[in-house]
Amino acid sequence: MALTFPRRAGRRRLRRFTRRDVVVLGVLLGIPILLDIVIIWGPTLASIGLSFTAWDGIGDIHWVGGDNYKNLVDNYPAFWPAVRHNVLWLLFLGLIATPFGLFLAVLIDRGVRFSRFYQSTLYMPVVLSLAVVGFIAQLVLGTDQGAINTILANRDDPIDWLGDSSINLWMIMIAASWRHVGYVMILYLAGLKSVDPELKEAAAIDGANARQTFFRVVFPTLRPVNVIVGVITVIEALRAFDIVYAVNKGRNGLELLSVLITDNIIGEASRIGFGSAIAVVLLTVSLGFIVTFLVQELRGARDR
Amino acid sequence: MAQSSFKGLVVPGSATGHRMSRRNLLRGAAVGVGAVTLPALLSACGEGPGGNKDEVTVGSNASDPVPKKAYAAAFTAYEKESGKTVKVNTKDHNDFQENINRYLQGTPDDLFMWFAGYRMQYFAEKGLLIEISDIWTDFTGFSDALKDQSTHEGKQYFVPYYYYPWAVFHRKSLFEKQGYEQARTWDEFIALAKQMHGDGIPVAFSDKDGWPAMGTFDYINLRANGYEFHKALMAGEESWTDPKVKNVFDLWRELMPYYQKGALGRTWEEAGQSLQKRETGMAVFGMPHPGQQFPPDERDDIDFFAFPEIDPQYGQDAVEAPIDGFLIAKKSKNVEGAKELMKFLATPEAEELYLKGDPNNVAVNENADTSTYSALQKKSVELVSNAKQISQFLDRDTRPDFASTVMIKAIQDFIGNPKDVDGLCNSIERQKKTIFSQPVG
């Protein structure tokens, strides 16, 4: 790619790049491209290839065709729950946590009292890693020694917040949202600050009420922020891993695709072929979102 | 972990002392990239340069404070005796296990701690371990059962160090105060559990970690179906849909109502502490588990009884007594040094040194001094020496991929929903077939 620059420049008789610059440019572009291929495309293609094999990481690689996928769908009891949990996670973050973050951002932007205090309090959890959030969740929600159960003091029939598979996912999603809300809030806050106040004034002169002003005028101008928040939400939902792993290794109601991949590939088990098949499923789902996003973006860029 | 991988690191000095220009910066960056990647590549090719013959590195999974300190005492004694240094790299117990495959293929320590039986043989089969038959012939004080657990296809790989039996543990004083009797048969056991539950001190139970409940499964299976069936089931030869297996789950379900609630959210440490606080009456545990949760001055109050008899044909013949010990990885850089250390660790004195710091286990060597044993340790020795068969543990008697990806979830599912035994057994069997159809190595 870099080599086309001098030729075109030559045609225009504006030779702006010396040979040395070309080399520097080539190296500077070449290294990232090489790294991209080695670090991203290589493993991706290797995963896809390995997903059709049985391999324990040491001995011979056995070709098994589509068996891994068939096993995954038919025989692996953790697979469908994991898919369901990932979807729930996405919906929860997308429909509850993200709008709530926007709501807080709007409130703070309108200048409620102590807004700076709220702002920093809500943003605080964002500096924590999700694994740490998981540990905090355990301190709060543990069965015997957790803060909530200690306050409830119901020793005979304690609520098993993190062990009961019908509620633990919700508890963990709330804990994850605690962090996500702050993140979304700060992004929207930045976006709201950059909205031209004249737009709001114009809307007010036209007789729009506060709700109409927000949904018809302010929100559409936040489009770039919306896109970023949307992407972050999807990424957070698909890569969710550390928090459930910190809580119970992602078992018993907290299965996620990312955890199944880890368990199969890097655990003592080393079912690398089988784990790769799960990874390919996750890749396909991610690609679905990435492609949609790119198409939207490119179309949006053209329209503008 | 990998000490040698950084030996070749060159700190790029080009950026210092000169006025920074763009090209200098680039040059510096290129050197930096080279310096970072080159040693990594070199060490990936295998042996780093040299390797200190007077230093033996030990990969340790003894991350809990009590065993960690006890091991340190034994290694210090070896350092004094031999004049060599022992460098211990301790990793979290569970992490060590989960990363074992990559550990053995990467840059393992000279000697590492591991488990006896199938779980060792699996890696021997894969060719990741060094045979130590030559030094095994000189070992004394190890029984044939121990030799068996250290052997794969006629070759020895493993130095056993200590073991601990699984049984039903409880507080002596609590049993006296409440007038409870140790149970010998299953019916007595259920009656006892029911009585405890009625008194508001249920049976302690935890399976958040995924493995503690396996002990109960193993014992019901051993008592109801015998040791041979356990072995065959774990080896993938018997079917999980066999009525015998369903019977195990059915028996287990009888006990479920008397457990403390919320087992899946409770760690084994918490269950052990509830036993210590007299909130629960008894628990199926390995010996170190309650031991580590009790303060030292209360350890004398711990007592146990053998898991009750179910089928008189099998009585209380089998005892689950996992053995821990040492192995040498194929990629070890100092095999001779590791073997020397192994010879020391196989002596009764080395075991005594360890047990002084961690009296929750029992020495494997027959010549080890038992006069300092606590009553509990003496009782353990008796329990194991009277056993007709010794099993290891569910996750040590079968393939690791089966234990970790199938059985953990299966048993947790059973605890969460004890009713659907048929569905559960069918699911285990289907997964077992796919996993066992793949060859080891």
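This is a predicted model: local features need pLDDT of at least 70, side-chain atom pairs count only at pLDDT 80 or more; totals for chains, interfaces and linings use all residues.
Local features are given only where pLDDT is at least 70 and side-chain atom pairs count only at pLDDT 80 or more, while totals for chains, interfaces and linings use all residues. Residues are numbered from 1 along each chain as its sequence is written, and chains are lettered from A in the order in which they are written.

**Chain B overall**

- Chain B has 20 helices and 13 strands; helices (H or I, at least four residues) and strands (E, at least two) are DSSP runs, numbered from the N terminus.
- Of the 441 residues in chain B, 47% are buried. A residue is buried if 20 or more other C-beta atoms lie within 10 Å of its own, exposed if 12 or fewer, and partly exposed in between, with C-beta atoms placed from the backbone.
- Taking the contacts in chain B between residues at least 6 apart in sequence, 80% join residues at least 24 apart. Contact means that the C-beta atoms of two residues, placed from the backbone, lie within 7 Å.

**Where chain B touches chain A**

- On chain B, 33 residues are in contact with 32 residues of chain A.
- Five helices of chain B each supply at least two residues of this side: helix 3 (93–98), helix 4 (100–105), helix 13 (268–276), helix 19 (400–416) and helix 20 (421–436).
- Helix 19 of chain B gives the most to the side that touches chain A, with eight residues.
- By type, the residues of the side of chain B that touches chain A are six nonpolar, 17 polar and 10 charged. Here Ala, Val, Leu, Ile, Met, Phe, Trp, Tyr, Cys and Pro count as nonpolar, Asp, Glu, Lys and Arg as charged, and the others, Gly among them, as polar.

**Helix 10 and helix 12 of chain B**

- Helix 10 (residues 212–225) and helix 12 (residues 243–255) of chain B pack with their axes 9 Å apart, at an angle of about 120°. Axes are lines fitted to C-alpha atoms, for helices over the stretch in contact, and angles run from 0 to 180 degrees between N-to-C directions.
- That angle makes helix 10 of chain B oblique to helix 12 of chain B. Angles under 35 degrees count as roughly parallel, over 145 as roughly antiparallel, 65 to 115 as roughly perpendicular and the rest as oblique.
- Helix 10 of chain B contributes B:T216, B:F217, B:I220, B:N221, B:A224 and B:N225 to the contact, and helix 12 of chain B contributes B:K244, B:N247, B:V248, B:L251 and B:W252.
- The residues of this contact between helix 10 and helix 12 of chain B divide into six nonpolar, four polar and one charged.

**Helix 3 of chain A**

- In helix 3 (residues 67–74) of chain A, the buried residues are A:N68, A:N71 and A:L72.
- Seen down the axis of helix 3 of chain A, these buried residues fall within an arc of 100°, so they line one face of the helix. The arc is that of the directions from the helix axis to the C-beta atoms.
- The exposed residues A:V73 and A:D74 are on the face of helix 3 of chain A turned away from its buried side.

**Single residues**

- A:K249 is not a glycine, yet has a positive phi of about 65°. A:K249 is found in the loop between helix 12 (242–248) and helix 13 (257–266) of chain A and is buried, with 20 other C-beta atoms within 10 Å.
- B:E153, also not a glycine, has a positive phi of about 50°. B:E153 is in the loop between strand 4 (151–152) and strand 5 (155–156) of chain B and is exposed, with 9 other C-beta atoms within 10 Å.
- B:D250 lies in helix 12 of chain B and is partly exposed, with 14 other C-beta atoms within 10 Å.
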